[in-house]
Amino acid sequence: MGTEKSMPEKDVVEAQRQAHSRMAQMGFTFSRDNRSFIIAAQGYLMLAGLGLLINGSLLGDGASRPAFLHLFTLGFMLFMIYGLGSHMLPRFTGNPIRQGAWPWLQMGLAHVGVAGYVVGYLAGWPGLVIVGAVLAWLSLAVFTFRAWPVLWPATET
Amino acid sequence: MHKRNRLFVSIALAYGLLGGLIAIVRLLDPSLIPGNVPRAHGHIMLLGFILMMIYGIALHVLPRFGGFPLYSERMADWQLYLANTGLPLMVAGWLGWRDMLVMTGGLFTYGAIVLFGLNLILTVRGKN
């Protein structure tokens, strides 16, 4: 052990960069949209966790309960499913997922939907809650539209 | 990807859309859907959307990560049948105020959970 020569740090960095590049070209690493879904999920998880500090539990008994509950479920869990599902399902099945503007539309709808729903509950604006819920639902509809040909391609191979 | 696992994921998406739609209708007019709608919504999303998604993905990846084939394809098939009999019964029970339906559906759903758990334990421990 003591006689092993350690690799210079710049070589380690370069080796990591090359490995990352190879994986990216193989399609192993996250695409930009899926990376954004995963990052956003962690942000929502930290926001949902604020319920622990504010209410003393993740899901308090007060009016804020639906807001924190849905920050966790819609924000964290749904975004994780979006990011991991869009990444893994095409690799599991060998069928491509709809890309282009679709993932960004899905992401925009989900972000505005979660924000509208949560702010609507916290501020006591039922109209905003409904708008947020509809937008979040539409994001799931877009994800389903993207994922369906991955699961059930027109021509089964 | 096995057709059963693709079915799990597809059904999960369908439950997600259904559960969301029920919640939106409830927000718009609480009198439109009778019964215990919040409970039905919560269980459709958790047992229908999240759990079925996990079922489909886990039955595909965990045998591969574990390095052994799935212990029993038949158990996984029955898991699909039980899960998708149980949840509709539970939802029908909550919306129709029928406790017996909820209880029966719960038993079916639990049966699916046990089959899934046992199947994966026997797969991942790697002694088959």
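Student: What pattern does chain B follow, read along the sequence?

Tutor: Chain B follows α-α-α-α, with 4 helices and 0 strands. Helices (H or I, at least four residues) and strands (E, at least two) are DSSP runs, numbered from the N terminus. This is a predicted model, in which local features need pLDDT of at least 70, side-chain atom pairs count only at pLDDT 80 or more, and totals for chains, interfaces and linings use all residues. Residues are numbered from 1 along each chain as its sequence is written, while chains are lettered from A and ligands numbered from 1 in the order in which they are written.

Student: And what is the box that the C-alpha atoms of chain B fill?

Tutor: Roughly 55 × 25 × 20 Å, taken along the principal axes.

Student: How many residues of chain B count as buried, in percent?

Tutor: Of its 128 residues, 40%. Buried means that 20 or more other C-beta atoms lie within 10 Å of the residue's own; exposed means 12 or fewer, partly exposed is in between, and C-beta atoms are placed from the backbone.

Student: W97(B) then. Where is it found?

Tutor: W97(B) sits in the loop between helix 3 (73-95) and helix 4 (99-124) of chain B. Its phi is near 55°, a positive value in a residue other than glycine.

Student: Does W97(B) count as buried or exposed, and why?

Tutor: Exposed, because W97(B) has 11 C-beta neighbours inside 10 Å.

Student: New topic. How many residues does the contact take from chain A and from chain B?

Tutor: Chain B gives 18 residues and chain A gives 16. Two residues are in contact if their C-beta atoms, placed from the backbone, lie within 7 Å.

Student: Which helix supplies the largest share of the side of chain B that touches chain A?

Tutor: Helix 1 of chain B, with 12 residues. Helix 1 (3-28) and helix 2 (37-66) of chain B each supply at least two residues of that side.

Student: What is that side of chain B made of, by class?

Tutor: It has 13 nonpolar, 4 polar and 1 charged residues. Ala, Val, Leu, Ile, Met, Phe, Trp, Tyr, Cys and Pro count as nonpolar, Asp, Glu, Lys and Arg as charged, and the others, Gly among them, as polar.

Student: Over to chain A. How many helices and strands there?

Tutor: Chain A comes to 5 helices and 0 strands. Of its 157 residues, 32% count as buried.

Student: At what angle do helix 4 and helix 5 of chain A pack?

Tutor: Helix 4 (residues 102-123) and helix 5 (residues 126-151) of chain A pack at about 155°, with their axes 7 Å apart. That makes helix 4 of chain A roughly antiparallel to helix 5 of chain A. Angles under 35 degrees count as roughly parallel, over 145 as roughly antiparallel, 65 to 115 as roughly perpendicular and the rest as oblique. Axes are lines fitted to C-alpha atoms, for helices over the stretch in contact, and angles run from 0 to 180 degrees between N-to-C directions.

Student: What classes do the residues of that contact of helix 4 with helix 5 of chain A divide into?

Tutor: 20 nonpolar, 6 polar and 1 charged.

Student: And how far apart are the axes of helix 2 and helix 4 of chain A?

Tutor: 10 Å, at an angle of about 15°. That makes helix 2 of chain A roughly parallel to helix 4 of chain A.

Student: Which residues meet there?

Tutor: D33(A), S36(A), F37(A) and Y44(A) in helix 2 of chain A meet P103(A), W104(A), M107(A) and V114(A) in helix 4 of chain A.
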